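Welcome, and please load the model in your viewer.

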Amino acid sequence: MASSSPSSSSAVKRLSNLSNHLCPTNSNPLVKVSAQVSQALSTGLPVVALESTIISHGMPYPQNLETAKEVEAIVRDNGAVPATIAILDGVPCIGLNLEQLERLARMGKSAQKTARRDIAYVVATKRNGATTVSATMFFAAMVGIPLFVTGGIGGVHRHGEHTMDISSDLTELGRTPVAVVSAGVKSILDIPRTLEYLETQGVCVAAYKTNEFPAFFTETSGCKVPCRLDSPEECARLIDANRKLNLGNGVLIAVPIAKEYSASGSLIESAIQQALTEAREKNITGNAETPFLLARVNEITGGASLASNIALVKNNAAIGAKISVALAQLLK
């Protein structure tokens with residue numbers, strides 16, 4: 001690695017050149033990039049994108065605010081700059097300050113859950129939007145952030161072969177060159193069909209220090225993965241290869257929940273089945289289904305699933321930040 005610091009313009013070029021889908025930071029007048037994130041991108045520092053739906057829809061206030069602050073602190077402690085993404089008063093914001101985080105946390109579910117399809121409407125009507133995986137990936141790619149950390153991605157819903165309820169997270173991974181670090185797919189979903197769909201989309205799915213795809217609340221799902229990665233450096237090399245090949249799609253790095261926080265598989269599955277039945281009885285569908293199912297599973301398990309959810313998000317943040325640091329070193 002060269003001893004002299006590269007110029008700001010070359011740093012921007014390196015970080016934003018993940019593929020021809022990515023643009024230089026702050027190039028879109030509709031988007032506001034925080035000073036800290038903008039400076040980090042322009043000087044080649046590692047940046048980790050974070051979603052905001054987990055803040056607004058994932059847990060109540062003030063637990064959501066404390067979790068958001070703790071996750072950002074973990075990213076910083078591991079050498080990267082956090083960039084929580086949300087739409088506030090119609091302005092997509094890349095990197096939130098404490099006041100904005102608290103505002104979003106207090107809004108809760110009154111903030112619109114915003115996937116890619118909703119972005120233009122939320123911006124045009126000057127609404128407040130909490131970004132899902134697909135929307136967060138879109139904005140991360142727009143400003144040149146190569147890596148995004150979340151809890152778990154969406155996927156093919158159970159009975160999706162009849163309902164065609166498939167999360168836009170999967171198609172986003174197929175067309176947006178951002179690496180996503182998650183604890184796999186939310187276990188309320190159909191994991192085998194989700195993995196089949198990701199294969200169809202050409203998405204490289206790798207597991208961290210395991211040969212089996214994790215199931216969000218539990219370490220294992222019974223599904224094998226095509227790729228195993230055992231260090232942040234290996235993850236960074238995979239992301240870098242995906243960039244240099246200009247494949248144009250994302251990479252999913254699945255990190256199993258820590259053993260001490262892993263919930264009983266039979267307990268979780270029983271709670272999921274009960275929640276699914278209730279959702280069908282109440283005709284809860286579309287983007288309202290996942291928040292409902294997660295909340296009900298948490299209630300049925302006496303709060304065990306939410307504790308596991310928070311633990312896995314923090315673990316993902318630490319590992320994702322380390323991967324981001326290793327990637328920044330490669331790009332230099």
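Before the first selection, one term: a residue is buried under 20% relative accessible area, exposed over 50%, and partly exposed in between, using a 1.4 Å probe and protein chains only. This is a predicted model, in which local features need pLDDT of at least 70 and side-chain atom pairs count only at pLDDT 80 or more, while totals for chains, interfaces and linings use all residues. Residues are numbered from 1 along each chain as its sequence is written, and side-chain values use heavy atoms, with hydrogens and water left out.

**Stop 1: aromatic pairs**

Rings of Phe, Tyr and Trp (its six-membered ring) pair if their centres lie within 6.5 Å; planes under 30 degrees apart count as stacked, over 60 as edge-to-face and the rest as tilted. How many aromatic pairs does a search of the whole structure find? The search gives 2. Select Phe-138 and Phe-139: they form an edge-to-face pair, 5.3 Å centre to centre with 70° between the planes. Phe-138 is partly exposed at 25% relative accessible area, whereas Phe-139 is buried at 2%. Next, select Phe-216 and Phe-217, an edge-to-face pair with 4.7 Å between centres and 65° between the planes. Phe-216 is buried at 1% relative accessibility, and Phe-217 is buried at 2%.

**Stop 2: salt bridges**

Side chains of opposite charge can pair when their charged atoms come close. Here a salt bridge is a side-chain nitrogen of Lys or Arg within 4 Å of a carboxyl oxygen of Asp or Glu, and the structure holds 16 of them. For the elements named from here on, helices (H or I, at least four residues) and strands (E, at least two) are DSSP runs, numbered from the N terminus.

Start with Arg-103 and Asp-89, whose closest N and O atoms are 2.9 Å apart in a salt bridge. This pair links distant parts of the chain, 14 residues apart: Arg-103 sits in helix H5 (residues 98–107), and Asp-89 in the loop between strand E3 (81–88) and strand E4 (91–94). Arg-103 is partly exposed at 33% relative accessibility, and Asp-89 is partly exposed at 41%.

Move on to Asp-190 and Arg-193, a salt bridge with an N to O distance of 2.9 Å. Is Asp-190 buried or exposed? Asp-190 is buried, at 13% relative accessible area, while Arg-193 is partly exposed at 40%.

Then select Lys-244 and Asp-240, joined by a salt bridge of 3.0 Å, N to O. Both belong to helix H11 (residues 232–244); because they are 4 residues apart there, about one helical turn separates them. Lys-244 is exposed at 55% relative accessibility, but Asp-240 is buried at 8%. Finally, show Arg-116, Glu-172 and Arg-175, which salt bridges with shared partners join into one network.

**Stop 3: pockets**

On a 1 Å grid over the protein atoms alone, a pocket is an open set of points where a 1.4 Å probe fits, with protein on both sides within 12 Å along at least five of seven lines; lining residues have an atom within 4 Å of a point. Grid points are joined across faces, edges and corners, and a volume is the space filled by probe spheres set on the points.

The largest pocket holds about 910 Å³ of space. Select Thr-53, Lys-113, Asn-287, Thr-290 and Pro-291, the closest to its centre among 44 lining residues. Where does this pocket lie? The largest pocket lies between domain 1 (27–145) and domain 2 (151–331), because both give residues to its lining; the domain bounds come from an automatic or database domain assignment. H13 gives the most to this lining, with 6 residues.

The second largest pocket has about 240 Å³ of space. Of its 14 lining residues, Gln-36, Gly-95, Leu-96, Asn-97 and Leu-98 lie nearest the centre.

**Stop 4: backbone details**

Most residues other than glycine have a negative phi, and most peptide bonds are trans. Zoom in on Tyr-61 and Pro-62, where the peptide bond is cis with omega near 5°. Then select Met-164, which has a positive phi near 60° and is exposed, at 60% relative accessible area. End at Asn-246, a non-glycine residue with a positive phi of about 50°, in the loop between H11 and strand E11 (251–254).
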